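Please look over the structure shown here before reading the notes.

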Amino acid sequence: MSSDKPKAAVIMGSDSDLPVVRKTIEVLKAFEIDFEVNVISAHRTPDRAADYAKNAEEKGFEVIIAAAGKAAHLPGVLAAFTTLPVIGVPIKSSTLDGLDSLLSIVQMPSGIPVATVAVDGAENAGLLAVQILSVKYGYLRDKLKAYKESMKEAVIEKDKSVRKEVF
Ligand code: RP5
């Protein structure tokens, strides 16, 4: 099923991931992307993870963002059951500073890619999802260009104020 509005699925392995995932949600809201949020664990609710990924395309989702920490298998398991693009967000949730999550998500075997952002890189996950969606929804490209322009102007302002403060 395809809709005329961009639609993303946001999944996290635990509610403890939500403080980081909020940054993804803020980006999706800012770009007016339709989205659904769920807590689904690859380990604690494996059947639900498989079913969700198998049905995601039929439900109209066009990209999946999956955040998980520790032995972070959620993005990879979802990617195993769908051909939709999956963006993985490694969560810094354990004693290993997120390196465990990062390697669990990024080191996918050939054939099942997961686009992995930085540890706790939830904002970039949202932006990457918007960029993927912009291939189909051209108006998102204009919004992304405007976003980059405002970022550029903010840095120029910071440059001015830092130099003013130093001298
Ligand atoms: C992962 O284990 C979750 O994504 C979370 O980052 C981590 C810890 O989960 P909780 O024990 O806080 O529920 O599956």
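1. A residue is called buried when its relative accessible area is under 20%, exposed when over 50%, and partly exposed in between, with a 1.4 Å probe and protein chains only. By that rule, 41% of the 167 residues in the protein are buried.

2. This is a predicted model, in which local features need pLDDT of at least 70 and side-chain atom pairs count only at pLDDT 80 or more, while totals for chains, interfaces and linings use all residues. Residues are numbered from 1 along each chain as its sequence is written, and side-chain values use heavy atoms, leaving out hydrogens and water.

3. The protein has 6 helices and 5 strands, as DSSP runs numbered from the N terminus (helices: H or I, at least four residues; strands: E, at least two). Their order along the sequence is β-α-β-α-β-α-β-α-β-α-α.

4. The C-alpha trace spans about 60 × 45 × 30 Å along its principal axes.

5. Contact means heavy atoms within 4.5 Å. Of the contacts between residues at least 6 apart in sequence, 68% join residues at least 24 apart.

6. Which residues of helix 2 (residues 46-56) are buried? They are Ala49, Ala50, Tyr52, Ala53 and Ala56. Viewed down the axis of helix 2, these buried residues fall within an arc of 160°, so they line one face of the helix. The arc is that of the directions from the helix axis to the C-beta atoms.

7. The partners of the buried residues of helix 2 are strand 1 (7-12), strand 2 (34-39), strand 3 (63-69) and helix 3 (74-80), against which they pack.
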